[in-house]
Amino acid sequence: MELGSIDRELFIDAAPEVVFEVVSAPEYIRQWWSAETEYEPVAGATAQLTWTDEQTGEKESTPFTVVEVDRPRTFSFRWTYDEDSLAAQGNSLLVTFTLVPTGTGTTLRFTETGYRERGWEAAVLEEYYNDHTSGWDLFLPRLAETARRVTV
Amino acid sequence: MLDLLLADGQGTATTLSASLPVTRQAVTKHLIVLDRVGLVRSEPAGRERHYHVDEAQLARAVAQLNSVGSQWDARLRRIKSLAEAIERAKNTKK
């Protein structure tokens, strides 16, 4: 695992057009993310993702901005930035779905980046980031393995 | 590098670089970064510093990211089953 991003790849036995609809349309996002939202899937569209705690009824929201819509190949968006700012590199997490036709189905690649800048003791890391990219790449992939040993 | 520090308990830039395919200077730079984000702690030792891993901090950092990763795993599983159900429904109608 590389600590700056989350990367996944999976095969889905459905056409890219179908998968694209599921990852990008508000009606499906409600189902797979349990989040209420309403937006047009076009670049630059902004919205809120809202989750409701079933027990307490409390609502929690985060802003959401569509970055790229290239049907049925790429859908990306930024989220988790401050309400009163615009989504940009460095203040948000960028989620990208890339769809590759594979036989009768689709290979879905998922990445979420921005942790290095935001999620985790961020400011200091960011300062060093450009200098140290290759260095982080060298040893950070082993962190997960190492940490499992530590926590056991 | 963290593996080495964990295995040996502690190390200096010199001892670590002996076991890694990078220069002592490169190791020193990385140790400084790790120190600033709190993943390692250090004490002066002669002209060098002894470094050891802050295990609690490391475990926290990785747990945080693992938990985000597993949340996405669950969402991706739901995306897969939704899309496959739609595809099956589409094919039955034909």
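**A short tour of chain A**

Hi everyone. Let's start at L86(A), which touches Y81(A) and N91(A), leaving aside residues up to four places away in sequence; contact here means heavy atoms within 4.5 Å. This is a predicted model, where local features need pLDDT of at least 70, side-chain atom pairs count only at pLDDT 80 or more, and totals for chains, interfaces and linings use all residues. Residues are numbered from 1 along each chain as its sequence is written, chains are lettered from A and ligands numbered from 1 in the order in which they are written, and side-chain values use heavy atoms, leaving out hydrogens and water.

Is L86(A) buried or exposed? L86(A) is exposed, at 75% relative accessible area; buried is under 20%, exposed over 50%, and partly exposed in between, using a 1.4 Å probe and protein chains only.

Now for salt bridges, meaning a side-chain nitrogen of Lys or Arg within 4 Å of a carboxyl oxygen of Asp or Glu. In one of them, R109(A) meets E9(A) at 2.9 Å, N to O. R109(A) sits in strand β6 and E9(A) in strand β1, so the pair ties together parts 100 residues apart in sequence. Strands here are DSSP runs of E, at least two residues, and helices are runs of H or I, at least four, numbered from the N terminus.

Next, R30(A) bridges E36(A) at 3.4 Å and E38(A) at 2.9 Å. These shared partners join R30(A), E36(A) and E38(A) into one network.

Last stop: the peptide bond from R71(A) to P72(A) is cis, whereas most peptide bonds are trans.
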